[in-house]
Amino acid sequence: MTTIDFDATSIEVARALIGTSLFVSGVGGRIVETEAYDESEPASHTFGGQTPRNAVMFGPSGRAYVYRSYGLHWCLNVVCMRAGHGAGVLIRAIEPTRGVAAMRERRGQQELRLLCSGPGRLCQALGVMHAMNGLRFDRPPFRLVPQGVDAMFKVASGARIGISKSQDLPWRFVLAGSAFLSKPMRAG
DNA sequence: TGTATGATCGCCT
DNA sequence: GGCGATCATACAG
């Protein structure tokens, strides 16, 4: 078992989270896709400084930053680095392992591959809501279970998805070959 | 007070 | 591949 140091940079945490299992009230699975964000680049919500919306991202690490996307969906992030520095990791896809029936009911979706393959989808499947903004990941309803020492998989990286700025940064991380990604990783 | 803009998703062609 | 849904946020005036 390994533990994750959330005081590290968002890039380091984004890579370390691949293979880790995330549960919300016992429902969840293995994280297979993440993206790193940092206040130094304009694609991040924290670029330009602290506001009421992004305040959690400037607080202590290891907390949940939950925001609404496109007026419809929730997105879940893990806050990184020291307090005062706005950095975090967007959880983009999970391989469902526990609570699949609850996920199917919440999503109105039977196909396993489409339950958690996207930041909005996984929040709906796991029941993530804005009330969880600022909560610690080492306390209920959250639970993080590190991968076993014998876990064997490769982590691939590439360009982030759905952003219009800093598209050159290879800050998307995936479990190579996973069938549960929001989009396949570009070959190369 | 008004307006433009999304770290998305699902349905349509 | 295109587009509409739907609204909090940020910023301009």
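A charge is taken to sit over a ring when NZ of Lys or CZ of Arg is within 6 Å of the ring centre and within 35 degrees of the ring normal. In this predicted model, arginine 160 lies over the face of tyrosine 37, at 4.5 Å from the ring centre. A further case involves arginine 98, whose charged end sits over the ring of phenylalanine 23 at 5.0 Å from its centre.

The largest nonpolar core comprises 41 residues, of which Leu76 and Leu126 touch the most other members. Strand S5 (residues 87-98) supplies the largest share of this core, with five residues. When residues up to four places away in sequence are not counted, the contacts of leucine 76 include Leu22, Ala64, Val66, Val89, Leu90, Ile91, Cys123 and Val128, together with the aromatic residues Tyr65, Phe137 and Phe142. A second core of 10 residues is separate and includes Tyr37, Ala43, Met57 and Tyr65. In soluble globular proteins, nonpolar side chains tend to be buried together.

Two aromatic pairs are present in the structure. The rings of tyrosine 65 and tyrosine 67 have centres 5.5 Å apart, and their planes meet at 25°; because planes under 30 degrees apart count as stacked, this pair is stacked. Both partners are buried: tyrosine 65 has a relative accessible area of 1%, and tyrosine 67 has one of 14%. The other pair is formed by phenylalanine 137 and phenylalanine 142, with 4.6 Å centre to centre and 40° between the planes, and is classed as tilted. Phenylalanine 137 and phenylalanine 142 are likewise buried.

Definitions and conventions:
Residues numbered from 1 in each chain as written. Chains lettered and ligands numbered in written order. Predicted model: local features only at pLDDT ≥ 70, side-chain atom pairs only at ≥ 80, totals over all residues. Heavy atoms only, no water. Core = buried A, V, L, I, M, F, W, Y, C linked by side-chain atoms within 4.5 Å. Buried < 20%, exposed > 50% of the residue type's maximum accessible area, 1.4 Å probe, protein only. Helix = DSSP H or I, 4+ residues; strand = E, 2+ residues; numbered from the N terminus. Contact = heavy atoms within 4.5 Å. Phe/Tyr/Trp six-rings, centres within 6.5 Å; stacked < 30°, edge-to-face > 60°.
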